[in-house]
Amino acid sequence: MRQPGRIARTFLGATCAAAALAAASAGGASITVLPGNPATPDNLSSQQWNLQMIGAFQAQAITGGAPDVRVALIDSGIDPGHPEFAGRIDTANSVSCITGTPVKDPTGALWRDNVGHGTHVAGIIAAGDNGFGTVGVAPNVQLLIVKVTDPGLPITPEAAACAFEYVSRQNVDVANASFAVDKGATGAADALDFFCRNVAADRDAIKLVGDAVRDALRSGTTVVASAGNNGIDMTQPAGGPGCLRMPVQLQGVIGVASEGRNGGPVQATPPGPSNYGLGAIDLVAPGGDPAQGGVPGGLILSTFPSYIPVPPTVMPNVVDGPTGATYRYNAGTSMAAADVSGVAALISGRFAKLRGFRFLKPLKPLFVRALLDRTAQAKPCPPDPRCVGGDSYNGFYGFGQVDADAAVTAFGFDDD
């Protein structure tokens with residue numbers, strides 16, 4: 001089974017990070033920091049309890065991320081004209097992978113977000129430090145858009161593989177994958193989206209996507225994925241131990257569960273309880289829960305396309321700033337994964353090079369992952385028999401809640 005090997009590799013990575021930390025603190029390694037200006041809260045940041053919860057505002061007093069850091073948004077696209085991302089989308093190289101082949105479109109028409117999900121996730125990661133609206137965890141970084149779905153379309157294995165293979169050739173530091181590869185011809189065909197190795201077509205799909213993720217990791221891209229909102233133990237699938245969700249359960253991917261505003265596991269619907277599982281979850285981050293803080297206080301506020309109509313059952317958009325600067329509340333493990341991707345982007349610029357540790361050079365994603373794990377705030381299991389593991393590592397919270405401030409100060413210096 002995959003899980004024991006993954007746990008062993010995770011602890012090996014943590015050991016490597018610990019060795020680097022000790023040596024760096026003792027002067028045994030030279031740290032190269034990419035330029036990255038500090039950031040400050042924006043007009044709506046008082047409602048960004050998720051950033052407060054993970055220490056992002058404290059981290060931003062040190063760095064808001066480096067402009068040379070590239071984050072790939074593998075999702076439904078982005079609002080190409082949203083003012084929060086002005087000048088920070090790589091329009092020349094952003095693509096649609098819906099057909100299984102990357103298609104560039106500098107105009108943004110092919111990777112325009114017609115769902116809203118991608119834009120919301122993007123804002124959590126990288127909404128700009130511009131004095132209006134919200135601010136992302138890493139507001140200075142550059143975004144590469146890789147679209148894999150549109151309204152009514154499943155995220156196929158071919159689209160996901162296309163995305164990760166494309167990312168592997170684009171000098172990307174972090175890839176956010178707030179989705180599950182869909183099982184079937186529609187997104188609702190199989191709500192659990194497990195692919196099983198004892199089924200030939202599934203086995204081919206696992207290899208296709210797994211190989212692409214491996215290529216992205218080998219290229220130096222840290223891959224972060226959401227756990228999903230089905231309330232299931234992903235390590236105990238009904239189809240047996242050979243079944244898994246992609247990409248979250250693929251080797252080397254950082255799996256992120258969701259928590260609510262009071263720090264407890266998500267209970268309410270929507271979005272649905274967070275998935276879990278010992279060996280499948282590395283970290284937990286705020287994803288929102290109406291049962292913890294109510295509506296909208298318990299949900300996550302982030303960017304949203306102004307051109308997508310607001311359904312009667314959804315709260316009206318929040319508008320703040322120039323034309324097109326709209327925001328909406330949402331919740332789910334997708335939002336939690338975005339928190340972690342933002343912190344990974346801060347790490348990627350903050351500790352760009354550790355000279356003196358040549359063994360770390362080809363293992364950059366492993367190092368970023370290990371540093372995230374090492375600096376997380378451990379969370380013991382709640383009184384829930386489904387939670388398996390100890391106080392420092394368990395199936396609900398992994399190594400704990402991501403901590404942006406601890407991550408950017410991990411090597412004992414707090415300015416450039």
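## A buried tyrosine and its partner

Y276 is tucked away as a buried residue, with a relative accessible area of 9%. Buried here means under 20% relative accessible area, while exposed means over 50% and partly exposed is in between (1.4 Å probe, protein chains only). F396 counts as buried too, at 6% relative accessibility.

A quick note on the source: this is a predicted model, where local features need pLDDT of at least 70, side-chain atom pairs count only at pLDDT 80 or more, and totals for chains, interfaces and linings use all residues. Residues are numbered from 1 along each chain as its sequence is written, and side-chain values use heavy atoms, leaving out hydrogens and water.

## Ring pairs

How many aromatic pairs does a search of the whole structure find? The answer is three. Rings of Phe, Tyr and Trp (its six-membered ring) pair if their centres lie within 6.5 Å; planes under 30 degrees apart are stacked, over 60 edge-to-face, and the rest tilted.

Y276 and F396 make an edge-to-face pair, 5.0 Å centre to centre with 65 degrees between the planes. Ring pairs also link Y276, F396 and Y397 into a cluster. Elsewhere on the list, Y393 and F399 form a tilted pair, at 4.5 Å and 45 degrees, and both of these residues are buried.

## Charges over rings

The charged end of K379 sits over the ring of Y397, 4.8 Å from its centre. That wording needs NZ of Lys or CZ of Arg within 6 Å of the ring centre and within 35 degrees of the ring normal. K183 has its charged end over the ring of F195, 5.4 Å from the centre.
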